[in-house]
Amino acid sequence: MLLEKILQSQGFGSRKYCQQLIKNGSVEIDHQVCDNPKQKIHTDQLCFQVFGEEYQYREQVYIVLNKPQDYECSHQATHHKSVFSLFPEILLHRGIQCVGRLDQDTTGMLLLTDDGQYLQALTNPRKHVPKVYHVTTADPITLDQKHALEIGVELRNEKGVFAATDVELISTHQLSMTIHQGVYHQVKRMLAAVGNKVEALHRHQVGLLELPKLAEGEWVYLTPSQKQLSQNIVVDK
């Protein structure tokens, strides 16, 4: 691939701007200046430097963020900050999108990507990708409420019955539950349907991928095996 196209594909800007970066001597490969925009470069395992900062070529990006509270999953956030403000400009230029959304007051695992097929695979309701939430409730959780969540509840303006699996009581006001659909405000509405109220909500897992140890607001690129786990695929060791 031409060096100018590599930079453009990685989110450094327009083709003209990338050409100028290269001609100005701002781009290095193996710490050797490359000033020819038309130079052909193999992208396999490619690492390069721009203004001395190290980058790895990625055909597509897969990211996991530990989403903080009071951030909206929108480029045009209205009442709070946007989760996209937590990322560098080159990722925004690549057009990363949230894989599903978390409410502004919900924390935890948020996946982002510029791969449309991956996004569709995880958000298509027919795929039933499981999502594990840790829930803090306003009132003590009763065994009847736990049982009702497992049997399933009806939600207003939604068709069918919505049940949770792997419902586990963590404490009197906390539980863990897995949902397989993903309709609007599903967990909050399910708790309301059994007579309780969600005070705090944290997404811990998508597919078989658990949230890595990240501080709130921190993010990392997914490894290939983590990407497979997020799609509910068991990876052979």
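# Close-up views

**View 1. C34 counts as buried, at 7% relative accessibility.** Buried means under 20% relative accessible area, exposed means over 50%, and partly exposed lies in between (1.4 Å probe, protein chains only). The model is predicted: local features need pLDDT of at least 70, side-chain atom pairs count only at pLDDT 80 or more, and totals for chains, interfaces and linings use all residues. Residues are numbered from 1 along each chain as its sequence is written, and side-chain values use heavy atoms, with hydrogens and water left out.

**View 2. Cysteines without a disulfide.** How many disulfides does a search of the whole structure find? The search finds zero. A disulfide here is a pair of cysteine sulfur atoms within 2.5 Å. Take C18, which is buried at 0% relative accessibility. Its closest cysteine sulfur is in C34, 14 Å away, and that is too far for a bond. C34 is in no disulfide either. For C34, the nearest cysteine sulfur belongs to C47, at 13 Å.

**View 3. Strand β9 is largely enclosed by the rest of the structure.** The strand covers residues 106-113. Eight of its eight residues are buried, which is why it counts as largely enclosed. Helices (H or I, at least four residues) and strands (E, at least two) are DSSP runs, numbered from the N terminus. Two strands pair if DSSP finds at least two bridges between them.

**View 4. The antiparallel partners of β9 are shown here: β5 and β8.** Strand β5 spans residues 62-67 and joins β9 through six bridges. I63 has L112 of β9 as its bridge partner. Strand β8, residues 97-98, pairs with β9 over two bridges. Which residue of β9 is the bridge partner of C98? It is L112.

**View 5. β9 and β15 run parallel.** Strand β15 covers residues 198-206, and three bridges join it to β9. T107 has H202 of β15 as its bridge partner. T106 stands opposite L201 in β15.

**View 6. β15 also has antiparallel partners, β10 and β16.** Strand β10 (residues 131-137) pairs with β15 over seven bridges. V135 stands opposite L201 in β15. Strand β16, residues 209-210, pairs with β15 over two bridges. V206 faces L209 of β16 across that pairing. β15 and β16 form a hairpin with two residues between the strands. In this hairpin, G207 takes a positive phi near 60°.

**View 7. K188 forms salt bridges with D103 and with D105.** A salt bridge is a side-chain nitrogen of Lys or Arg within 4 Å of a carboxyl oxygen of Asp or Glu. The closest N and O atoms of D103 and K188 are 3.1 Å apart. D103 lies in the loop between β8 and β9, and K188 lies in helix α6 (residues 186-193), so this pair ties together parts that are 85 residues apart in sequence. For D105 and K188, the N to O distance is 3.0 Å. D105 lies in the loop between β8 and β9, so its pair with K188 in helix α6 ties together parts 83 residues apart in sequence. Are these residues buried, exposed or partly exposed? D103 is partly exposed, at 24% relative accessibility. D105 is partly exposed too, at 28%. K188 is partly exposed, with a relative accessible area of 22%.

View 8. E150 is partly exposed, at 33% relative accessibility.

**View 9. E4, R15 and K38 are linked in a network of salt bridges.** How many salt bridges does the structure hold? It holds seven.
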